[in-house]
Amino acid sequence: MIEINLNSTPVKIGLIALLLFIFLIIIFLWLFVKSKIKQKRSAKLDKDLIIKKWEEIEGMSLGNDASAKLAILEADKLIDGVLKIMSFGGSTMGERLKAACYRYPDLTDVWEAHKIRNLIAHENYQLYPKTAARAINIFYHALKELGIIT
């Protein structure tokens, strides 16, 4: 049987090094968890920022054809960002919207506005003022449904 003399200097140094290593690992893990919690908090909905962005979008939507198209693209992007922050899964807006519709059935209208967005983004789509107004109105009601706008 091997005897270990705990009073010897090399053993004391080894024990101190081991305890210091364990202490550093605990601090590292604590800082890591703390940073993850902070990230999660900062990713929460900043309703004031979203409302400010929405007001900009509404202003754009009242302009000419090009600015109305841009307003729809931005509104779609805003809704998608909100869905991401609310942790609806999916790699595309469509997938996130599908997931959100289970929890918020009134969001099904957003599909119509999202399809208009896709036509604007991928085709030479002629946007009529009435269609633009309808899409913007749908996005507005989606923000209300999600509790961003009261």
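Predicted model: local features only at pLDDT ≥ 70, side-chain atom pairs only at ≥ 80, totals over all residues.
Figure 1. Eight salt bridges are found when the whole structure is searched.

Figure 2. Helix α3 covers residues 65-85, a total of 21 residues. From the first C-alpha to the last, the helix reaches 30 Å, close to the 30 Å expected at 1.5 Å a residue. N64 caps the N-terminal end of α3. In this cap, a side-chain oxygen of N64 lies 3.2 Å from the backbone nitrogen of A66. After α3 comes S87, which has a positive phi, near 65 degrees.

**Figure 3. D80 and its salt bridge with K84 inside helix α3.** A salt bridge joins the side chains of D80 and K84, with an N to O distance of 3.9 Å. Both residues lie in helix α3, four residues apart, which is about one turn of the helix. An α-helix has 3.6 residues a turn, so residues three or four places apart point the same way. Side chains of opposite charge can pair when their charged atoms come close. K84 counts as partly exposed because its relative accessibility is 48%. D80, by contrast, is buried, with a relative accessible area of 11%.

Figure 4. Because D80 lies in helix α3 and R96 in helix α4 (residues 93-103), the pair ties together parts that are 16 residues apart in sequence. D80 and R96 are both buried. Elsewhere, salt bridges that share partners join K53, E56, E74 and K77 into one network.

Figure 5. R96 lies in helix α4 and counts as buried because its relative accessibility is 6%. When neighbours within four places in sequence are left aside, R96 is in contact with D80, L83, K84, F88, G89, G90 and S91. Among these contacts are D80 and K84, two residues that both lie in helix α3.

**Figure 6. A100, a buried residue of helix α4.** A100 is found in helix α4. The relative accessible area of A100 is 0%, so the residue is buried. Apart from neighbours within four places in sequence, A100 is in contact with L83, F88 and L107. L45 stands 55 residues from A100 along the chain, and the C-alpha atoms of the two are separated by 16 Å.

**Figure 7. A nonpolar surface patch that includes L15.** The patch has an area of about 1100 Å². Its residues are L15, L18, L19, F21, I22, I25, I26, F28, L29, F32 and V33. L15 is part of helix α1, which spans residues 9-42. With a relative accessibility of 42%, L15 counts as partly exposed.

How values were computed
Residues numbered from 1 in each chain as written. Heavy atoms only, no water. Patch = residues over 30% accessible without salt bridge, like charges linked within 9 Å, V, L, I, M, F, W, Y side chains within 5 Å. Areas by Shrake-Rupley, 256 points an atom, 1.4 Å probe, with all protein chains shown as cover. Salt bridge = Lys/Arg side-chain N within 4 Å of Asp/Glu carboxyl O. Buried < 20%, exposed > 50% of the residue type's maximum accessible area, 1.4 Å probe, protein only. Expected span 1.5 Å × (residues − 1). Polar contact = N/O pair within 3.5 Å; in protein donor to acceptor, adjacent residues only side chain to side chain. Contact = heavy atoms within 4.5 Å.
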